Amino acid sequence: MNSQDAVEYIIETLKKRGAEKVQCSVMDSEKKELNIDAGEMSLFRTTFNSGVGFTIYKDNCKGSTSINKLDKDSIDGAIEDVIELADSSEPDEAYDIADYQAPKSFSTGNSVANMDSMYDRLSEFSDHTKSTYPKVILEQAIIDFTYRKGIFANSNGVQFGLEKGMYNFSPMFTSKDGVKTSSFNYTGFSAKDLHKPLKDYGSIDRLLKESEEQVVSHQVPGKFNGQIIVTPDCLDDFVSTVMDFVTDIPLISGRSVYKDKLNESIADSRFTMHSKPRSDELQSNYFITGDGYESQDCTLIENGILKTFLLGIYGANKTGLSRSVNDGGAHIVDSGNVAFNDLVKSMKKGVILSRFSGGNPSDNGDFSGVAKNSYYVENGEVKFPISETMISGNICSMMNNIVDISKERINFGDCIYPWIQFDGLTIS
Amino acid sequence: MLNRAISSYSAMFPKEYTELRVQENRSNGVALLNGDVVSNGRSAASGVSARIFKDGQWGFASNPNISDDAVESVIRSSTDNVRFLNKRDTSRCGIMLPETFINFEKDFTSTKQKNSQKHWIDFLKSLDDYIVSKFPKITSRTVVIRSLDMEKSLLTATGSTSYSMTPRAHLMINLSADKDGQPVELMEAHGGLGQLEDNFDNPQFYFPMIDEQVEHLLNKVDGVYAEAGEKEVILDAELAGILAHEAIGHTTEADLVMGGSVAGDYMGQKVASSLVSLIDFANNVNDITCPVPVYVDDEGTKSEDVTIIENGVLKNFMHNKDSARHFESTPTGNARAFAFSDEPLIRMRNTAIMPGNDKLEEMIASVEDGYYLMKPGNGQADSTSEFMFAVNQGYEIKNGKLGKALMDTTISGVAFDMLKTVDMVSDDMTWVSSGMCGKKQPMPVGMGGPAIRCKVNIGGR
C-alpha cells in the first residue's frame, strides 16, 4: 500500500472493528550516512525504513502498536494486535485524540542528499582538524542526510502531510599529547544545506581548540561555594530538566516541584525561554505535536514567569489544565546584555562548565555530577582546564540565582542558547 | 519467526567480504501510573541488511522488506557505497580482514504458553493494589513491565552462519514519598534473560521485595545529604557492575582505544589492585547463562570471554574484525548491532568484576567513616577513565555500622586510579541487565560483580 491508502485503510478498518478514536501515522524514511572512525573515513551507510504507528481508544481503553511494513498482511496483523491490546486494558476517560483541523501539508529541506557535498565537507573537516589541531583524534564523526515523508491522520478528520530533509553532523573527539589525554567532547548541529565548512557550524571549532588545551588538567583548589558559567553546549542539560518537570507524568503524578507554579516566578526575571518549532531562526522544525495538533511557537518562561506546562491531551484532561501548543524543545533563550568575556571577568571564583556528566536530577531538583571539558576561573581570569571536579546544587534554586546572561548566543540548528552565569553551586 | 536458512543468498555475494543479516526486534510494554494504564503497546521492526568491506572501508545498506529483491537491493547498494568510498580514498588499499568461521543456533524462545496482554495488566494491577493497600505513605507509583526479543539470522562470505533469538524482560517499580512537601523516589528493577513468561509468574513473589523497597524509600525520606569529598565506600554489586561496564569496559573497547582512550597506554601495566580481575563474558560463567548471552557476534565470529584485567594488570581489549587486524590480535566476538538497520559495533556483553574472599558484613564493619552505596542511577565514563555514577540508594557507615540513609548523590573518580584503592572484594556476585548501553546505538548488556571497598569522590553538600 502507499502511505495514503494505508492511513485510510487503518482508520476505516479500526472504526469498523469498534474503535471510537484512532490516530495513525505512516512515514517512509531514507538515510545516507558517512562515518569517520579513529580519524579515517570508514563507512557509507544507506538505510530505508517505513514506520506505521497507530493508537486506538475502544470503550475508552488504549492500545498502541508500530510496525515497519506497509503490506496488507502486516497491517492486518497489527490491527488485530492493537484491538487485543485495547480489549485487555482499563478504561480512562482522559484518553482522546486531536480535534478536527483543516488538512495541511508541511515541508522543509531537500528530498535528496548531495553525497559529493557530504563527502567533501566531511573530508575537509577531517583535514582541518588534522592540520589545525594535531593533538585532536576524531573518535567518530558522523554526517547524515535524513529524508522523511509521510502522513499523520486521525478519525476526527485530521490529515497532515509531512516532508522533511535535513543534514545532521555530530563529531566526537579526544586530544592526546603523548600519554596525556583530554576528556572526550562532542557537539553537533542540524542544517538544511552544507553551504559552509562543518567547523563553522555551532561551536565546533571552539570546542576542537579547547580539546587540545585540555590534555593537561588539574583539580580545583579544594571545596568551595562558587559560580558557574554554563556554556551553550551544556545549557540544554539544565533548561531541559526544568521543562521535563512540567510534562505529563510529573504533573499527573503530583511529583512536579512546579505543579503549583503556572504563571508564577520560577527563575530570575532576566531569563526568558521560548519553544519555537516553527521559527525561521531554527533550521530544524517540527510541525505537528505527538497528539496531532499543528504545533505553534510559544514562550515557556517569560521574565522568570512559567507561562505554560507541557501537557499533551491526556495530561491536560487528567489534570484539568490546558494542553500546550507544542511538545517543547526547539528552545530559544533570549540573550542578555553582557559580553561573555565580561561574565568571566566578573567571576571571583568558579568554573566555566562546558559539559556536565551528571546523574538525573532528583524530583526535588537536586543534582550533582562531574564537570567535563571545563575551566577554573579565579579573580576574573581563566586559570586552567579542570578534571575530577564535582558540581552540586539544586536546579530550581539555580534558576533563581542567575548572575548574568551573555549577549552572544550559539545557534545549533534546533536550539539557540547563550552563556549563563549562575551562583550558589558547591564545587569540589 | 524469521527464516533461519539464508545460506542460499551467498550466491548473490560480490567477491568482496560480505555480511548479510536478517533481523526482527519485537517489544511489548505496559505502564501503570497511580493505577491508570498510561502505556499499552507493542512494536516490531524487521528487515535485511548487507555490509561489504573493501580496501579498509565499509559499505552498508538496509531495507525493511525481507525478500529476494530486498536482499539483492541491499547487496547492490552496499557495494555501490563501498565503491564510492574506495574511489575517493585509496590510502587503505589492500587491507584484508581476519577470517572467521562458525555455524551456530541458539533459541531462547520461551517454552511456556504465551500470556495475553490482559494477564500482564492484571499482574501489574495486583502489584499496584498491594502497594496502595499496604503503604499509605507512598504518594506516587509507577509500575512497568516490558520485554524485548531480538531475533537474528546471519550469513558471511567466509561461511559463518548463525541464528539467535535472545529475549529479555523486566519489571520496574518506581515509588515516591513526600519529604517536607517535596518528592523522594526510589526505583527497583527485576527480571533478565527470557521472555515475560519465563521471568514473571505470581505477583505475590514480588511483595517482599516491594516491602524492602518501601523500607529503603522511607529511610531515604529521613535521609541526609552525603558529605562532598573523597570517602571510603563499599560499592555494592550493582555499582561495581556499572563501574566495570562504564569506567573500564568502554575504555577497553578497541575502537575507543583507537580513538584515544587512555587504556591504549596501559596495556600490560598494573591498573588496579591485585584483588581486581575483570572479564567481559560472552555467554556463561561456570556454566550459568549470563543475562545477555552472545554465542556468535554479528560479524560471524565465535564470541569468547575477554579477560580485560587479570589480578590488577590490563591484559586485553575487546575486538571486532577490523580492530583485531589493526592491533594484530584476534577477533573476540564483540561486534553487535541493535537493529536490522544498524551496523555492528564493538559492544560489551556481560562485564563483571570477579568475586573475592571477603564477606559483605565484614566489609561494612571495617569502615570507620564512609558510605555503603547500593543502587546506581545513570552512569557515564570518559576516554580518561574518569567516571560518574548517580547513586539512588545508600547509607552512612559510622564506626562499622550502617547509619542514616542518603539522599540521591553522585560518585566519581578516575577508574584506573580508583581501582588501585580496592582492598576488599566480597565473595558473591550479582548481575543486573535492565538498562541499555548507549554508543551510537542502544544495546542490551549485562553488568555484574561483587561488593568492593575503595575510595571515591562523592557529591553532596
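Here are some notes on this predicted model, going from chain A as a whole to a hairpin and a sheet in chain B, and then to one histidine in chain A.

1. **Chain A, overall build.** Chain A carries 9 helices and 22 strands. Its radius of gyration is 24 Å, close to the 22 Å that the globule rule gives for 428 residues, so chain A is as compact as a globular protein of that length.

2. Of the 428 residues, 60% count as buried. The accessible surface of chain A comes to about 15700 Å², and carbon and sulfur atoms account for 44% of that. Looking at contacts between residues at least 6 apart in sequence, 72% join residues at least 24 apart.

3. **Chain A, charges.** There are 43 positive and 62 negative side chains in chain A. The centres of those two sets lie 4 Å apart.

4. **A hairpin in chain B.** Over in chain B, β23 (residues 436-439) and β24 (residues 441-444) run antiparallel and are joined by 4 bridges. M436(B) has P444(B) as its bridge partner in β24(B). The two strands make a hairpin with 1 residue between them, and K440(B) in the turn has a positive phi of about 70°.

5. **A sheet in chain B.** Then there's an open sheet of 6 strands, ordered β13-β12-β9-β16-β25-β22, with mixed pairing. Which strands stand at the edges? They are β13 (313-314) and β22 (430-432) of chain B; each has a single partner strand, so one side of each is left without a neighbour in the sheet.

6. Strands β9 (residues 278-281) and β12 (residues 306-310) of chain B pair in the antiparallel sense over 3 bridges. Here D280(B) stands opposite V306(B) in β12(B). When you look at the side chains, keep in mind that in a regular strand they alternate between the two faces of the sheet.

7. **H195 in chain A.** Back in chain A, H195(A) sits in the loop between β9 (189-191) and α4 (204-213). Is H195(A) buried or exposed? Its relative accessibility is 56%, and the cut-off for exposed is over 50%, so H195(A) counts as exposed. Leaving out residues up to four places away in sequence, H195(A) touches R121(A) and Y201(A). G77(A) is another matter: H195(A) and G77(A) are 118 residues apart in sequence, and their C-alpha atoms are 46 Å apart in space.

Definitions and conventions:
Residues are numbered from 1 along each chain as its sequence is written. Chains are lettered from A and ligands numbered from 1 in the order in which they are written. This is a predicted model: local features need pLDDT of at least 70, side-chain atom pairs count only at pLDDT 80 or more; totals for chains, interfaces and linings use all residues. Side-chain values use heavy atoms; hydrogens and water are left out. The radius of gyration is taken over C-alpha atoms; the globule rule is 2.2 Å times the number of residues to the power 0.38. Buried means under 20% relative accessible area, exposed over 50%, partly exposed in between (1.4 Å probe, protein chains only). Contact means heavy atoms within 4.5 Å. Accessible areas come from the Shrake-Rupley method with a 1.4 Å probe; for residues, only the protein chains shown count as cover. Lys and Arg count as positive and Asp and Glu as negative; His and the chain ends are not counted. The place of a charge is taken as NZ of Lys, CZ of Arg, CG of Asp or CD of Glu. Two strands pair if DSSP finds at least two bridges between them.
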